[in-house]
Amino acid sequence: MADREQPVTLRTRKFIRNPLLGRKQMVVDVLHPSRPNVSKDELRSKLAELYKSSKDTVSVFGFRTQYGGGKSTGFALIYDSGEAMKKFEPHYRLVRYGQATKVEKASRQQRKQRKNRAKTVRGTAKNKAASKDKKKKK
């Protein structure tokens with residue numbers, strides 16, 4: 001992990017305080033001349049340190065590395081509290097940060113097949129049609 005010791009400079013611009021959503025939001029420019037890129041986890045901890053908050057209340061996303069490397073630009077949200085983050089942050093990003101669990105569901109194709117099988121019958125038989133095909137596949 002010699003990469004983590006290389007210097008990284010963070011610059012924030014377009015800083016906005018958003019009291020309705022309980023957060024600070026900004027565009028983050030990351031200068032990393034001797035590294036290919038910087039991990040979001042590392043950026044979260046550096047931003048938390050910079051803005052005197054907890055790493056658990058920082059959300060970073062949308063980073064793009066400039067052509068030629070050395071500079072990346074993305075977006076950061078720093079929430080006032082963990083509750084505000086859980087309330088306003090999209091679920092997939094909470095899952096990414098380990099603050100929520102992913103909802104497991106059948107694949108898109110399986111859901112569509114079940115829907116179309118159920119269309120062939122009427123009434124209470126719809127449940128049976130969906131489960132009957134499961135038995136048939138075995």
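**View 1. The charged end of Arg 44 sits over the ring of Tyr 97.** The distance from that charged end to the ring centre is 4.1 Å. The model shown here, as in every view below, is predicted. A second contact of this kind involves Arg 93 and Phe 61. Here the charged end of Arg 93 lies over the ring of Phe 61, 3.7 Å from the ring centre.

**View 2. Strand 2 pairs with strand 4.** Strands of a sheet pair through backbone hydrogen bonds, either parallel or antiparallel. Strand 2 covers residues 23-31, and strand 4 covers residues 71-79. The two are antiparallel and share nine bridges. Look for Arg 23 opposite Tyr 79 in strand 4. Look also for Gln 25, which faces Leu 77 in strand 4.

**View 3. Strand 3 and strand 4 form a hairpin.** Strand 3 spans residues 58-65. Six bridges join strand 3 to strand 4, and the two run antiparallel. Five residues lie between the two strands. Gly 68 is in the turn and has a positive phi of about 95°. Within the pairing, Phe 61 stands opposite Phe 75 in strand 4.

**View 4. Phe 15 and Tyr 51 form a stacked aromatic pair.** A pair of aromatic rings is described by the distance of the centres and the angle of the planes. The count of aromatic pairs comes to two. In the pair of Phe 15 and Tyr 51, the centres are 5.8 Å apart, with 10° between the planes. Phe 15 lies in strand 1, while Tyr 51 lies in the loop between helix 1 and strand 3. The pair therefore ties together parts that are 36 residues apart in sequence. Phe 15 is partly exposed, at 39% relative accessible area. Tyr 51 is partly exposed too, at 23%.

**View 5. The rings of Phe 61 and Phe 75 form a tilted pair.** Their centres are 5.6 Å apart. Their planes are at 55°, so the pair counts as tilted. Phe 61 belongs to strand 3 and Phe 75 to strand 4, so the pair links parts 14 residues apart in sequence. Phe 75 is partly exposed, with a relative accessible area of 28%. Phe 61 also lies under the charged end of Arg 93.

**View 6. Lys 128 is an exposed residue in helix 5.** Helix 5 covers residues 125-137. The relative accessible area of Lys 128 is 59%. That is over 50%, so Lys 128 counts as exposed. Ala 118 is ten residues from Lys 128 along the chain. The C-alpha atoms of Lys 128 and Ala 118 are separated by 8.6 Å.

Notes. Residues are numbered from 1 along each chain as its sequence is written. This is a predicted model: local features need pLDDT of at least 70, side-chain atom pairs count only at pLDDT 80 or more; totals for chains, interfaces and linings use all residues. Side-chain values use heavy atoms; hydrogens and water are left out. Two strands pair if DSSP finds at least two bridges between them. Helices (H or I, at least four residues) and strands (E, at least two) are DSSP runs, numbered from the N terminus. Buried means under 20% relative accessible area, exposed over 50%, partly exposed in between (1.4 Å probe, protein chains only). Rings of Phe, Tyr and Trp (its six-membered ring) pair if their centres lie within 6.5 Å; planes under 30 degrees apart count as stacked, over 60 as edge-to-face and the rest as tilted. A charge sits over a ring if NZ of Lys or CZ of Arg is within 6 Å of the ring centre and within 35 degrees of the ring normal.
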